[in-house]
Amino acid sequence: ATYRGRVETLDILLSMCPKEWINHWLLSEKDAIQRHVYEVAFDLMSTEKSKFTPKFNNLRKIAHLLIQAKLQQEKGEEEEWGNCSDVEMVVVEHYIHTHLPAREDASQREKERLCIVRSRCFQAEEKRKEDTRFNGMKAIEQHYTPLHPDIYEERTIREACKTTHLIKPFNLKKGQILVEEPVKGVYVFPFLEEEFCARLWEEIHHYEKTATKHPKWCLPLFVRHDGNIGDLQVCGFKTILKVFADASEVILQQYLNARDSMDEDRDEIDKQKHINFYHAFLTRNYVGRESNATFKMHRDKSDLTLNICIHASHSFEGSTVGFYHRNKAETGGSGRVTGKQQEQEQRSDETPQDDDRIYTYVHKVGFAVAHSGKSWHRTDPITNGTRGSLIAWAELN
């Protein structure tokens, strides 16, 4: 009530609540940075830009009410609330005047309080997420019967990852290319056996169907804004993502270490030791999907994004991924910047235009495309058939 300048609320509390409650709670309790409620009122008054605003006037009234109650508490008076002589009003005014802090001090205390409150909110949210994960895994163990139990086994997953037997301390034969880098910072490589992709596709849909059919089981199921399945990492697929992280880490780091020159994107990935997929979701594209023709150009909230195609019908066409210029001017051999490059430099981090596309990736089952989360990209409309991908967002530790 003090923060929001609700004079009437404070007046009601002070006039109707028992003295013991007022003395023990209202006047004695402190906030996150050990301030009494009247000290909070003082700080808020000091940080107001003008003394002639309605908010300042309300804060002043609140300070009067609180200091009056405080002085009555100190004197041990039991008279009814609201009885205050002119002399006492002068004392209250003097107390407020002598205890108002400097604006800088009040502002600093408010910043400290906000930091503490935000930290508490973050910790509470993390605990809520952890409880949700724990309860979800418990529900999965108790109720869910997998369609393909073996795909949850680490050994099966590792055998399905092509990187585990294709990568050797980078002793590839001359001319053999395991990882393609069609444009700077975008990497394409074979990742999973097609048979495993098909079973994983079936398993995720079996889980979705089971969770939807039996809501009382409380199986975790997160439906994204586009109708696809999100947060696979808390739906029992964490082991799969862990193996995927290990495998992609091997192939990307071995490849990057083998390159002679290191640009900004490569250096960012190469210096890191571990890939941790903290978020994963399934995308399903098909003709007739409402958002099929309206995919937005965007960047991801990740250090690294891995997009694995795990399903494509035989008649599938379209649903490619376009990558766009990062809007950084690049000089040629003469050191001069062209007019278009100057325009790109001026746009800086603005969303690229359609003519800024520099590469179009065509999905193939079992293949993955990895790129920085900073890379601008967009999925193109699908024109025939169906296509599905498992997309994982990683942080680099």
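Y207 and F237 are both buried, where buried denotes under 20% relative accessible area, exposed over 50%, and partly exposed the range in between, with a 1.4 Å probe and protein chains only. The model is a predicted one, in which local features need pLDDT of at least 70 and side-chain atom pairs count only at pLDDT 80 or more, while totals for chains, interfaces and linings use all residues. Residues are numbered from 1 along each chain as its sequence is written, and side-chain values use heavy atoms, with hydrogens and water left out.

**Overall fold and surface**

The protein chain has 12 helices and 13 strands, taken as DSSP runs numbered from the N terminus, with helices being H or I of at least four residues and strands being E of at least two. Of the 397 residues in the protein chain, 44% are buried. Among contacts with a separation of 6 or more, 80% come from residues 24 or more positions apart, a contact being heavy atoms within 4.5 Å. The protein chain exposes about 22500 Å², of which carbon and sulfur atoms supply 52%; accessible areas follow the Shrake-Rupley method with a 1.4 Å probe, and for residues only the protein chains shown count as cover.

**Aromatic pairs**

Rings of Phe, Tyr and Trp (its six-membered ring) are paired if their centres lie within 6.5 Å, and planes under 30 degrees apart count as stacked, over 60 as edge-to-face and the rest as tilted. By this rule the count comes to 9 aromatic pairs. One of them joins F189 and F191 in an edge-to-face arrangement, 6.0 Å centre to centre with 70° between the planes. F189 is buried because its relative accessible area is 1%, and F191 likewise counts as buried because its relative accessibility is 0%. Y207 and F237 also form an edge-to-face pair, 6.1 Å centre to centre with 80° between the planes. This pair links distant parts of the chain, with Y207 in helix α9 (residues 194–213) and F237 in the loop between β4 (229–230) and α10 (238–258), 30 residues apart.

**Salt bridges**

The structure holds 21 salt bridges, each defined as a side-chain nitrogen of Lys or Arg within 4 Å of a carboxyl oxygen of Asp or Glu.

R35 lies in the loop between α2 (19–26) and α3 (37–47), whereas E110 lies in helix α6 (residues 103–143), so the pair ties together parts that are 75 residues apart in sequence. R35 counts as buried at 4% relative accessibility, as does E110 at 19%, and D31 is buried too. A network of salt bridges links D31, R35 and E110 with D43, R109 and R113.

K242 and D246 are 4 residues apart in helix α10, so about one helical turn separates them. K242 counts as partly exposed, at 48% relative accessibility.
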